[in-house]
Amino acid sequence: MKTKIVTLEEGLEEAVGLIKGGDVVAFPTETVYGLGANALDKEAVKKIFIAKGRPMDNPLIIHIADKAMIDELTVDVSSQARAVIDAFMPGPITVILKKASCVPDEVSAGLVTVGIRFPKHTVAREFIKACGLPICAPSANTSTKISPTSAIHVYEDMQGRIPLILEGGDCQVGIESTIIDMSGDTPTILRPGAITPQMLASVLGEVKTFSGEIVVAKAPGMKYKHYAPSCEMVVASSVENAINAYNEHKALNPVILAKSEYIAKAKSLIDCNYIDLGKDDEEVMRNIYASMHQAQNKYDYIICQDFGDEGVAKSVMNRIEKASGGKRV
Ligand code: TXA
Ligand code: MG
């Protein structure tokens with residue numbers, strides 16, 4: 001199969017045709033690129049799992065371009081859930097709700113709940129609207145690889161496995177959506193993202209963050225290894241530790257990923273390879289996956305700054321901890 005990259009103008013008709021014909025299409029969102037299919041077509045949904053090499057017990061989230069669709073796909077939406085939907089959709093959040101019977105088990109992996117996401121990206125919205133269907137989509141990467149934040153990332157990872165990629169530029173948020181479970185009595189964040197616990201608490205009063213060990217598949221994806229670059233990656237607790245690790249691994253052609261200020265300090269101490277992630281945490285969030293893609297293509301040992309646990313930095317660290325397998329220097 002040949003994989004094409006097209007703009008919305010060139011390729012919308014073809015993309016809609018593929019979705020209606022039961023095939024998959026990669027498309028941009030503000031968080032990461034997704035690999036979409038008609039959420040109501042079991043056979044189309046299966047193609048996503050095959051293209052990604054994703055375990056079938058890991059459920060997919062459904063993307064919509066119109067809030068009215070929520071009532072078709074879910075039941076028993078609480079007033080608290082509505083408040084979250086009104087405050088943050090469209091935007092980088094996925095809300096877990098009780099599913100309606102029209103949602104196939106292939107999408108929800110047999111769970112009684114389903115994740116709903118209304119992306120803000122105009123290409124995503126126009127694509128979903130033109131399909132006129134709910135579109136289920138995981139991130140458009142093969143299982144365990146780094147999530148894609150550009151059409152080229154999708155192409156490098158998935159060429160030959162999918163027919164079409166809609167081009168939509170670089171993702172402006174840069175990490176996957178915040179997932180909040182609103183299907184039970186206590187709103188619980190299952191995956192941190194750009195919508196922080198503080199922002200959610202301003203609407204809900206109180207919100208819990210899931211931190212338990214995954215035994216039963218509550219947030220099934222959490223039990224799988226994720227976001228891993230193809231070479232070793234470590235988190236450095238200080239600039240000094242970063243430099244020591246750099247010197248010890250010189251034979252591997254290492255690279256330091258950090259904020260501008262940190263890079264400036266490292267460069268004043270040694271001559272090193274580096275990728276500047278930007279000045280603030282929002283920029284770091286936007287650039288982190290792209291920098292991991294770049295680093296794994298060019299270097300063999302990645303040393304990453306510890307960005308701390310304030311606001312979105314904590315969400316970024318959640319991804320970095322997984323990418324590094326918790327390894328620290
Ligand atoms: O930003 C995003 O959310 C991107 C873009 C494409 O929208 N999508 C994305 O999908 O990150 P995916 O499949 O890579 O991650 C969704 C996560 C998985 O870890 C999955 O296990 C979890 O959501 N999930 C899906 N449905 C669930 C449910 N009903 N209950 C709990 N967790 C669920
Ligand atoms: Mg993913």
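Ala264 is partly exposed, with a relative accessible area of 46%; buried means under 20%, exposed over 50% and partly exposed in between, computed with a 1.4 Å probe on protein chains only. This residue belongs to helix α10 (residues 260–269), where helices are DSSP runs of H or I with at least four residues, strands are runs of E with at least two, and both are numbered from the N terminus. Between the C-alpha atoms of Ala264 and Asp276, twelve residues apart along the chain, the separation is 9.4 Å.

The model is predicted, so local features need pLDDT of at least 70 and side-chain atom pairs count only at pLDDT 80 or more, while totals for chains, interfaces and linings use all residues. Residues are numbered from 1 along each chain as its sequence is written, chains are lettered from A and ligands numbered from 1 in the order in which they are written, and side-chain values use heavy atoms, with hydrogens and water left out.

The protein contains twelve helices and 16 strands. Its radius of gyration is 20 Å, which agrees with the value near 20 Å for a compact globule of 329 residues; the radius is taken over C-alpha atoms, and the globule rule is 2.2 Å times the number of residues to the power 0.38. Of the 329 residues, 55% count as buried. Contacts (heavy atoms within 4.5 Å) between residues 24 or more positions apart make up 68% of those with a separation of 6 or more.

Helix α11 (residues 281–298) packs against helix α12 (residues 312–323) at an angle of about 20 degrees, with the axes 9 Å apart. Axes are lines fitted to C-alpha atoms, for helices over the stretch in contact, and angles run from 0 to 180 degrees between N-to-C directions. The two helices are therefore roughly parallel, a class for angles under 35 degrees; over 145 is roughly antiparallel, 65 to 115 roughly perpendicular and the rest oblique. Among the residues in this contact are Ile288 and Tyr289 of α11 and Val316 and Arg319 of α12. By class, the contact has ten nonpolar, no polar and three charged residues; Ala, Val, Leu, Ile, Met, Phe, Trp, Tyr, Cys and Pro count as nonpolar, Asp, Glu, Lys and Arg as charged, and the others, Gly among them, as polar.

Helices α4 (residues 79–88) and α8 (residues 197–204) pack at about 125 degrees, with their axes 9 Å apart, and are therefore oblique to each other. Gln80, Ala83, Val84, Ala87 and Phe88 in α4 meet Met199, Leu200, Val203 and Leu204 in α8. Eight of the residues in the contact of α4 with α8 are nonpolar, one is polar and none is charged.
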